[in-house]
Amino acid sequence: MLSVDAENRVFEGGFVAIEDGRISGVGPKADTPNPSGFDEVLDLTGHLVMPGLVNAHTHSVMVLFRGRSEGQSLLTMAGWYNSIREPELSLEASDIGPSVALSCAEMALSGTTTFCDQYFYAEEIADAVKQAGLRAVIAYGIVQLGDERRGEEELRKATAFLEQQRSSDGRVIPWFGPHAPYVDNTEALLIDEVAVANKYGVGLHLHMACGPEDNEETQRRYGITAAVALERLGFFKGRIHAAHCIDLSDEDIAVFARAPHASVSYNASAGLRSGRKGMCPAVALRAAGVTVALGTDNVAANNSYDMVSEMRVAGLVASHRERMAQPLSSRELVRMATIEGAKALGLEHEIGSLEVGKAADIAAFDLRGAGYSETPDPETLLVYSGSGRDLRHLWVSGEQLVADRQLTRIPYDTIRREYSATYQEFWNRVAAAKSMVEQTNNREVA
Ligand SMILES: [Zn+2]
């Protein structure tokens, strides 16, 4: 059992006790409490028990786009616009629930208990997450794309979302998310956005230094990077969690390091698939004291929610980038996928490790199958030999959401059936919208 506490205690054959949704005891086998005091006792011999994984960056609705943007670089404006943004305009509120339900199912079945999402339709996402039972930070994502009215309208909706979710049950935490500052959000809108985030005391989750466009405007106008410009606008005063961060300069890293609550989601698989030159300087960020979490990004860019695989890719890419063997150890990768993710979301006192008093968000991986064998290093066994598909049990706040590889709230088959119908309807709608545009264009040409 991996506690992922401050001392990284590992208990061979240890125990974890849950009472009223919280961890009431954790420790070595010798200290196991009397089982008669508990309603249920589960023998997890042969399993790796650890804190539930934290996926620090995704867009759960975008499972609808999986496999539909191949050959496009989603971290460039052109690639994203052509393969995602155009069809995205055909989305309807009824598409959201079934898509998010499928994403939550895939996350839960591979060991993730908490994720950080950014998208519009945040209200519908929150409803679906509550139904699934996972924990999520949901940042209302604003895409303005030069349309001033849309910017204002989305800001109003985002504010309403923050108002509405203020008193939610704690599993859904509302945030705010300018999609890509200076790329599809103007400076005037950014100023209003940071004011709203401060007013509600919520975190900001945004994309930063992803593509060649990110620093263009601020370089042209002020001769500085977007990170430095955002610091001047006050973005780094409160909590800020930035995704990708591929092209960070030393000065940008210093901006993150001196901020009180700034963190980065290092999305190695999405970075590799995008074909972008460079990669998030995760090692340098950590050396500067910045919290670095791991994220899958959307599954059109990944294309999987498996955080075990994400740990492995993050480790491999760091080795390749730094030209040294494992600059991020397996133990560090596990911490990045758990407690560091929790810290990035401001939840480190609630989740991210197995410690008495924390919410019982727990994953149990079955290591009895092929591919696993004796080793003194359980973290390396999971990260470099393991798979999220070996998740067997999962709890959020003590509620067992996965039991024996099956979802407990709604059967996977039901979720998948509803998703498949939604997927068909959505892409039929996209095709109809496209042919209407083509007909109009043809008429104009004629
Ligand atoms: Zn993203």
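Buried means under 20% relative accessible area, exposed over 50%, and partly exposed in between (1.4 Å probe, protein chains only). This is a predicted model, in which local features need pLDDT of at least 70 and side-chain atom pairs count only at pLDDT 80 or more, while totals for chains, interfaces and linings use all residues. Residues are numbered from 1 along each chain as its sequence is written, and side-chain values use heavy atoms, with hydrogens and water left out.

**View 1. His59 is buried, at 4% relative accessibility.** His59 sits in the loop between β4 (53–58) and α1 (77–88). Helices (H or I, at least four residues) and strands (E, at least two) are DSSP runs, numbered from the N terminus. Contacts of His59 (heavy atoms within 4.5 Å) include Asp117, Tyr119 and Tyr305, not counting residues up to four places away in sequence.

**View 2. Four protein residues donate to the zinc ion.** Donors are N, O and S atoms within 2.8 Å of the metal (3.2 Å for Na, K and Ca); water is not among the atoms, so sites may look incomplete. His57 (NE2), His59 (NE2), His207 (NE2) and Asp297 (OD) lie 2.0 to 2.6 Å from the zinc ion. Their spacing in sequence is H-x1-H-x147-H-x89-D. His57 is buried, with a relative accessible area of 0%.

**View 3. Helix α2 covers residues 93–108.** 12 of its 16 residues are buried, so α2 is largely enclosed by the rest of the structure. Among them are Asp95, Ile96, Leu102 and Glu106. The C-alpha atoms of Glu106 and His59 are separated by 13 Å, with the two residues 47 apart along the chain.

Methods. The expected span of a helix is 1.5 Å times one less than its number of residues.
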